[in-house]
Amino acid sequence: MTAAAKLTLRAILPILAAGLVGAALFAQDSEVPGQLDDPREVLERYRALQVRERGPVLEENGYYPCSDCHDGVEVEINPTIRELMVHDEITLVHGGGRFWCLTCHSEEDRDHLASLKQQPISFDEPFLLCGQCHFQRQRDFFLGTHGKRLGSWQGERTVAVCTECHNSHDPQIKPRKPYRPPQVRSGLQPAPSTHHERTMPWQIDGDDGDEETGEHAEEHGAEEHGAEEHGAEEHGAEEHGAGEASDGGQDH
Amino acid sequence: MAAKTTDMPVVIKGAAGSPGRTDLTDQALPPSLPTVGRVSRRDALKGLGTLAAAGVAAVGAGAVAGDDDRPTLKDTLADFFQDHYQKMSAAEVEATLKRLERKYKARYGVDVEVEATPPIPGVVFGYAINISKCKGYRECVRACVEENNQSRDSEIQYIRVLEMDKGSMDLEASDHYYDPETVPQPGKFYLPVQCHQCENPPCVASCPVGATWQEADGIVVIDYDWCIGCRYCMTACPYWARHFNWNKPTLAAEEINPKTHYLGNRPRSVGVTEKCTFCVQRTRKGRLPACHEACPTGARVFGNLLDPESEIRHVLETKTVFRLKEELNTDPKFWYYTD
């Protein structure tokens with residue numbers, strides 16, 4: 001050993017200590033406050049919820065119980081990430097390419113889902129699985145501000161589970177046609193669509209701002225007395241669909 | 001010049017319970033009406049009044065419908081003399097409900113059930129909508145109409161979904177006739193508006209006959225049989241929540257919801273105002289309102305504001321909530337929040 005690099009115990013003690021602390025922090029069963037070892041533990045924090053069983057719906061879709069085929073004999077367990085030859089009607093959009101089937105589905109017991117630590121989660125309680133990443137949504141779900149409540153506003157609460165609304169392989173809710181608009185009252189005409197006017201600076205796209213305001217201001221003036229009706233299709237055509245990203249309401 | 005009075009002893013009756021005065025002689029009394037036989041005209045008129053009252057009471061109390069289900073004369077008279085809901089005794093309310101059931105059976109051929117479930121003690125209802133989740137599907141509008149027996153011809157809808165431009169809260173610039181191919185449209189958000197059951201309701205203050213009032217559970221209700229159809233309440237409401245039956249309501253027998261409440265969704269007549277009642281026929285029995293059940297996105301939150309564990313309280317305590325037209329001091333019990 002050279003004089004400059006004397007590895008005495010005193011010298012390496014801080015390094016050892018740091019290493020041990022680091023190891024402790026990254027251990028499997030950690031003492032980090034808020035982190036759960038088992039997703040089921042989150043249920044202790046909130047009111048118990050009744051759910052609707054998913055079994056009948058999954059059976060109707062033709063697959064459940066999955067162990068009919070996935071019993072380890074008929075179909076071998078193959079954890080290699082690959083493109084499957086069966087189940088090809090499922091396109092896994094969730095995760096943007098970072099996930100594959102066994103990320104959520106249990107390798108050993110295909111009749112259950114699996115947590116990140118491979119604990120089995122029933123199809124009736126997918127919120128335990130989804131909540132591992134979508135923890136804010138999960139909290140809202142338990143407290144009633146996310147998801148569909150059924151039944152009663154008092155006493156025992158019944159709730160629809162995540163997969164009743166979200167397709168777990170492609171969870172984002174897609175736009176759909178609304179129920180028809182109300183009929184205009186007899187004797188009235190719908191008011192001219194003054195809502196086309198965009199008065200806030202951030203609503204005016206790029207340099208065409210003035211052009212747009214000018215155009216709308218003109219129309220607004222002409223239609224003040226109900227000369228013309230702005231149809232919904234005209235409104236749709238004026239939207240700058242290409243440049244605009246989906247609004248925040250589209251999140252899953 | 002004093003008229004000949006009866007020679008029967010005259011007792012001037014005092015207030016209820018007191019024996020009155022017996023010391024006054026005939027001469028001290030003002031001239032009374034001339035007699036008809038042994039009965040004074042005053043007594044005769046009183047007797048007639050009592051007879052009429054008795055007749056009306058007999059008519060109103062438990063009359064049986066005619067064989068051919070047409071309303072009987074008894075029922076028609078009772079209808080005419082029906083008192084304000086808040087002034088009726090429990091027995092009168094019972095009789096009224098039965099009579100209304102007969103009326104609706106005769107009118108629509110459907111066995112309609114009319115109840116008068118009272119408010120649940122310790123409950124004040126509140127409602128919230130998550131505008132991040134509302135996509136403008138209008139499923140709430142459809143479910144409300146199916147539940148509440150509104151007139152189909154004049155298409156009364158208690159819920160109005162406003163399509164608003166993002167970045168503005170100008171309700172006057174909204175569009176509720178939107179009908180694009182898909183919703184939500186980019187750059188828009190959706191505000192469903194229905195009666196907010198204000199704590200300081202301008203409609204209640206404006207009603208000249210007291211046909212609308214706020215119940216103990218916070219719901220503003222209307223006695224449709226007391227409403228005179230002046231529509232002052234419609235003018236007073238800043239949220240366009242009140243709707244008027246300009247025509248005789250058209251309601252097909254197969255579209256009727258037979259479970260009704262006197263103050264809620266029982267079939268109405270022409271010339272009365274109606275509005276959302278937070279589905280009083282459902283919520284007073286612990287069920288969720290129809291709009292809540294119908295919403296596919298789960299944007300609606302309903303519950304008891306007095307229960308600290310309720311979902312609506314959680315929304316008010318943790319989310320960014322706002323109310324419409326806050327500056328008008330109507331104190332609505334309907335909030336909007338975002339994720």
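B:Thr277 lies in a loop of chain B, between strand E11 (273-274) and helix H7 (280-283). The model is predicted. In this model B:Thr277 is buried, because its relative accessible area is 5%, under the 20% limit for buried residues. Beyond its neighbours within four places in sequence, B:Thr277 has several contacts. Among them are B:Gln197, B:Ile219 and B:Val220. B:Leu263 and B:Gly264 are also in contact with B:Thr277.

B:Pro308 sits between strand E12 (300-304) and helix H9 (311-318). B:Pro308 counts as exposed because its relative accessible area is 52%, and the exposed class begins over 50%. The sequence separation between B:Pro308 and B:Lys319 is 11 residues. In space, their C-alpha atoms are 15 Å apart.

Of the 339 residues in chain B, 48% are buried. B:Thr277 falls in the buried class, whereas B:Pro308 is exposed. Contacts in chain B were also sorted by sequence separation. Among those with a separation of 6 or more, 64% link residues 24 or more positions apart.

The model contains 9 cavities of 30 Å³ or more. The volume of the largest cavity is about 120 Å³. Its lining consists of 15 residues. Nearest the centre of the largest cavity lie B:Cys134, B:Tyr137, B:Arg138, B:Cys140 and B:Cys295. By residue class, the lining of the largest cavity comprises 9 nonpolar, 2 polar and 4 charged residues.

The mean pLDDT of chain A is 75. A value of 70 or more is reached by 65% of its residues. Over residues 206-252 of chain A, the pLDDT is below 50. In the model, this stretch has 60 contacts beyond near neighbours in sequence.

Methods:
Residues are numbered from 1 along each chain as its sequence is written. Chains are lettered from A and ligands numbered from 1 in the order in which they are written. This is a predicted model: local features need pLDDT of at least 70, side-chain atom pairs count only at pLDDT 80 or more; totals for chains, interfaces and linings use all residues. Side-chain values use heavy atoms; hydrogens and water are left out. Buried means under 20% relative accessible area, exposed over 50%, partly exposed in between (1.4 Å probe, protein chains only). Contact means heavy atoms within 4.5 Å. Helices (H or I, at least four residues) and strands (E, at least two) are DSSP runs, numbered from the N terminus. On a 1 Å grid over the protein atoms alone, a cavity is a set of points where a 1.4 Å probe fits but cannot get out, and a pocket is an open set with protein on both sides within 12 Å along at least five of seven lines; lining residues have an atom within 4 Å of a point. Grid points are joined across faces, edges and corners, and a volume is the space filled by probe spheres set on the points. Ala, Val, Leu, Ile, Met, Phe, Trp, Tyr, Cys and Pro count as nonpolar, Asp, Glu, Lys and Arg as charged, and the others, Gly among them, as polar. pLDDT is the predictor's confidence in each residue, from 0 to 100.
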